[in-house]
Amino acid sequence: MDKSGGCLCGKVRFQCSNEPLFQFICHCKDCRKQHAGIFGSYVSYGASDFSFTSDSKEMLSENHSVGDSGETKKRYFCANCGSFIYFKIPQIADALSLGVGLFDDPSFFTPNMQFYCKDKLANPELDLAVASFDTYPDEVKSLVHLK
Ligand SMILES: [Zn+2]
Ligand SMILES: [Zn+2]
């Protein structure tokens with residue numbers, strides 16, 4: 001089902017079609033900083049199922065960080081209000097991981113994986129009964145059904 005979303009100020013708007021590839025939580029320090037929260041929560045779509053509406057793409061600012069895998073992660077933010085929009089996981093180049101809070105109706109969120117559990121803050125609500133990894137493992141690629 002198509003899902004729409006956008007940033008806090010509304011200058012960046014997007015639409016996603018079909019179903020997400022996967023949905024996840026990440027407890028790494030970079031995701032905490034990026035979300036300004038205790039973890040990051042994401043919905044990943046194939047790039048071909050994602051499109052900006054209007055001229056949103058011109059509103060993006062880009063930030064690069066190098067993760068502990070040594071690979072560069074590209075993160076995109078609204079240049080006007082600073083909302084995080086999405087990042088690209090180096091291991092899965094043709095997927096976008098969008099912040100779930102951007103969606104106009106984020107109630108569909110049902111994470112099926114969580115990463116960087118080694119950095120997880122103590123919080124009983126985060127003891128999810130889903131596939132959980134100390135870091136971001138290579139085998140995720142085979143767990144996700146990429147088109
Ligand atoms: Zn904005
Ligand atoms: Zn992370």
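**Hairpins, sheets and core**

Guide: In the hairpin of β6 and β7, five residues lie between the strands, and Gly70 takes a positive phi near 85°. A word on the source: this is a predicted model, where local features need pLDDT of at least 70, side-chain atom pairs count only at pLDDT 80 or more, and totals for chains, interfaces and linings use all residues. Residues are numbered from 1 along each chain as its sequence is written, while chains are lettered from A and ligands numbered from 1 in the order in which they are written.

Visitor: OK. How many bridges do β6 and β7 pair over?
Guide: Seven, in the antiparallel sense. Strands count as paired if DSSP finds at least two bridges between them. Glu62 stands opposite Tyr76 in β7.

Visitor: And how many of the residues in β6 are buried?
Guide: Zero out of its seven residues, so β6 is hardly covered, going by the cut-offs: buried takes 20 or more other C-beta atoms within 10 Å of a residue's own, exposed is 12 or fewer, and partly exposed is in between, with C-beta atoms placed from the backbone.

Visitor: What order do the strands take in the eight-strand sheet?
Guide: The order is β6-β7-β8-β9-β4-β3-β10-β11, in an open sheet with mixed pairing. β6 (60–66) and β11 stand at the edges with a single partner strand each, so one side of each has no neighbour in the sheet.

Visitor: In which sense do β3 and β10 pair, parallel or antiparallel?
Guide: Parallel, over three bridges. Phe24 stands opposite Met113 in β10.

Visitor: Switching topic, what's the strand order in the three-strand sheet?
Guide: That open sheet runs β1-β2-β5, with antiparallel pairing. Its edge strands are β1 (3–6) and β5 (50–53), each pairing on one side only. The twist averages 25° from one strand to the next, with axes being lines fitted to C-alpha atoms (for helices over the stretch in contact) and angles running from 0 to 180 degrees between N-to-C directions.

Visitor: What does Cys16 face there?
Guide: Cys16 stands opposite Phe50 in β5, and Lys3 stands opposite Cys16 in β2. Four bridges join β2 (residues 13–16) to β5, and β1 and β2 also pair antiparallel, over four bridges.

Visitor: Which turn residue has a positive phi in the hairpin of β1 and β2?
Guide: Gly10, at about 90°, in a hairpin with six residues between the strands.

Visitor: Which non-glycine residues have a positive phi?
Guide: Asn18 has one, about 60°, and Tyr116 has one near 55°. Asn18 is in the loop between β2 and β3 (22–26), and Tyr116 is in the loop between β10 (113–115) and β11 (131–132).

Visitor: Is Tyr116 buried or exposed?
Guide: Tyr116 counts as buried, with 23 C-beta neighbours inside 10 Å. Asn18 is partly exposed, with 14 other C-beta atoms within 10 Å.

Visitor: What does Thr135 touch?
Guide: Asp68, Phe115, Tyr116 and Lys118, not counting residues up to four places away in sequence. Contact here takes C-beta atoms, placed from the backbone, within 7 Å. Thr135 is in the loop between β11 and α2 (140–143) and is partly exposed.

Visitor: Now the core. Which residues have the most contacts inside the largest one?
Guide: Phe24, Cys26, Tyr45, Ile85, Leu98 and Phe115, in a nonpolar core of 33 residues. Such a core is a set of buried Ala, Val, Leu, Ile, Met, Phe, Trp, Tyr and Cys residues joined through C-beta atoms within 7 Å. The elements giving two or more residues to this core include β4 (40–46), β7 (72–78), β8 (84–88) and β9 (95–99). Ile85 touches several residues, including Val12, Leu60, Phe77 and Leu98.

Visitor: Last one: how many helices and strands are in the protein chain?
Guide: Two helices and eleven strands; these are DSSP runs numbered from the N terminus, helices being H or I with at least four residues and strands E with at least two. The radius of gyration is 15 Å, close to the 15 Å from the globule rule for 147 residues, so the chain is as compact as a globular protein of that length. That radius is taken over C-alpha atoms, and the rule is 2.2 Å times the number of residues to the power 0.38. Buried residues make up 31% of the 147.

Terms used:
Two residues are in contact if their C-beta atoms, placed from the backbone, lie within 7 Å.
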